[in-house]
Amino acid sequence: MEKENPCLKHNCNACCNPVKLKEGFKDHKKDEFDKLPFKDRGGILIPKEERGPIKLESYDCTNLNKETGKCNDYENRPQICKDTKCRAFDTKDEKEQKEIIDDIKSQEFIICKR
C-alpha cells in the first residue's frame, strides 16, 4: 500500500512527467536503462534558472497514469524511481512541502530537440 507522501498530498508528479535524467544516463547505464519503462522524448531539457551546463534527457514513463498522476505499478516501480526524492521529503511541515513543490512545478526548461 502506498504511504502518504508529499507527492500524493500535493498532487505532484513533476519528477515523472516527464522523467528527467542527466544527459548520458541512457548510454552510460544501457543495461539498466533497457529495463526501465521509459520512452525517449528525443529532447534535452535545460533548466532556465540554472547557470551551469545542466542538460537533462527527457522521457515519458509508460507506467504513469496521466489522469491520476500516479504510477500504475507503484509497488514494483524501478529502483531509480524509489531512489528519487525531492526536498519536500525533508520536512513534515505541509506548508513548507507545498512551497517546495510549487517551486518545482514552476520550473521552466528550454527544450532542445535531438
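Student: How do you know that the span of helix α5 agrees with its number of residues?

Tutor: The expected span is 1.5 Å times one less than the number of residues. Helix α5 covers residues 94–105, twelve in number, so it should span 16 Å. Its end C-alpha atoms are 16 Å apart, which agrees. Keep in mind that this is a predicted model, in which local features need pLDDT of at least 70 and side-chain atom pairs count only at pLDDT 80 or more, while totals for chains, interfaces and linings use all residues. Residues are numbered from 1 along each chain as its sequence is written, and side-chain values use heavy atoms, with hydrogens and water left out.

Student: Why is Gln-97 called buried?

Tutor: Buried means under 20% relative accessible area, exposed over 50%, and partly exposed in between, with a 1.4 Å probe and protein chains only. Gln-97 has 3% relative accessibility, so it counts as buried. This residue lies in helix α5, where the buried residues are Gln-97, Ile-100, Ile-101 and Ile-104.

Student: How do you know where those buried residues sit around the helix?

Tutor: Look down the axis of α5: the buried residues fall within an arc of 95°, so they line one face of the helix. That arc is taken from the directions from the helix axis to the C-beta atoms. As background, an α-helix has 3.6 residues a turn, so residues three or four places apart point the same way.

Student: What covers that face, and which residues does Gln-97 touch?

Tutor: The cover over the buried residues of α5 includes α1 (6–9). Contact means heavy atoms within 4.5 Å. Leaving aside neighbours within four places in sequence, Gln-97 is in contact with Pro-6, Lys-9, His-10, Ala-88, Thr-91 and Lys-92.

Student: What makes Asp-93 a cap for α5?

Tutor: A side-chain oxygen of Asp-93 lies 3.0 Å from the backbone nitrogen of Lys-95, at the N-terminal end of α5. A polar contact is a pair of N or O atoms within 3.5 Å; within protein, one must be able to donate a hydrogen and the other to accept it, and residues adjacent in sequence count only if both atoms are side-chain atoms. The side chains of Thr-91 and Glu-96 are also joined by a polar contact, of 3.2 Å. Thr-91 lies in the loop between α4 (79–83) and α5, and at 14% relative accessibility it counts as buried.

Student: Why is a set of residues called a nonpolar core?

Tutor: The members must be buried Ala, Val, Leu, Ile, Met, Phe, Trp, Tyr or Cys residues, joined through side-chain atoms within 4.5 Å. The largest such core here has ten residues, among them Val-19, Leu-21, Tyr-59, Cys-61 and Ile-80. Strands β1 (19–22) and β3 (56–61) are the elements that give two or more residues to this core. A second, separate core of seven residues includes Cys-12, Ala-14, Ile-101 and Ile-104.

Student: How do you know how many disulfides the structure holds?

Tutor: A disulfide is a pair of cysteine sulfur atoms within 2.5 Å, and the structure holds zero. Take Cys-15: the nearest cysteine sulfur, that of Cys-86, is 5.7 Å away, and Cys-15 is in no disulfide. For Cys-16, the nearest cysteine sulfur is that of Cys-15, 6.1 Å away, and again there is no disulfide. Cys-16 is partly exposed, with a relative accessible area of 34%.

Student: What makes Gly-42 partly exposed, while Ile-44 counts as buried?

Tutor: Gly-42 has a relative accessible area of 21%, so it is partly exposed. Ile-44 has 7% relative accessibility, so it counts as buried. Gly-42 lies in strand β2 (residues 38–47), and the place of Ile-44 is in strand β2 too.

Student: How do you know what separates these residues from Arg-114 in space?

Tutor: Gly-42 and Arg-114 are 72 residues apart along the chain, and their C-alpha atoms are separated by 5.6 Å. For Ile-44 and Arg-114, 70 residues apart in sequence, the C-alpha to C-alpha distance is 7.1 Å.

Student: What makes the phi of Asn-11 worth a remark?

Tutor: Its phi is positive, about 50°, although Asn-11 is not a glycine. Asn-11 is found in the loop between α1 and β1, and it is exposed, with a relative accessible area of 58%. Pro-18 has its place in the loop between α1 and β1 as well, and the peptide bond from Asn-17 to Pro-18 is cis, with omega near 0°.

Technical notes: Helices (H or I, at least four residues) and strands (E, at least two) are DSSP runs, numbered from the N terminus.
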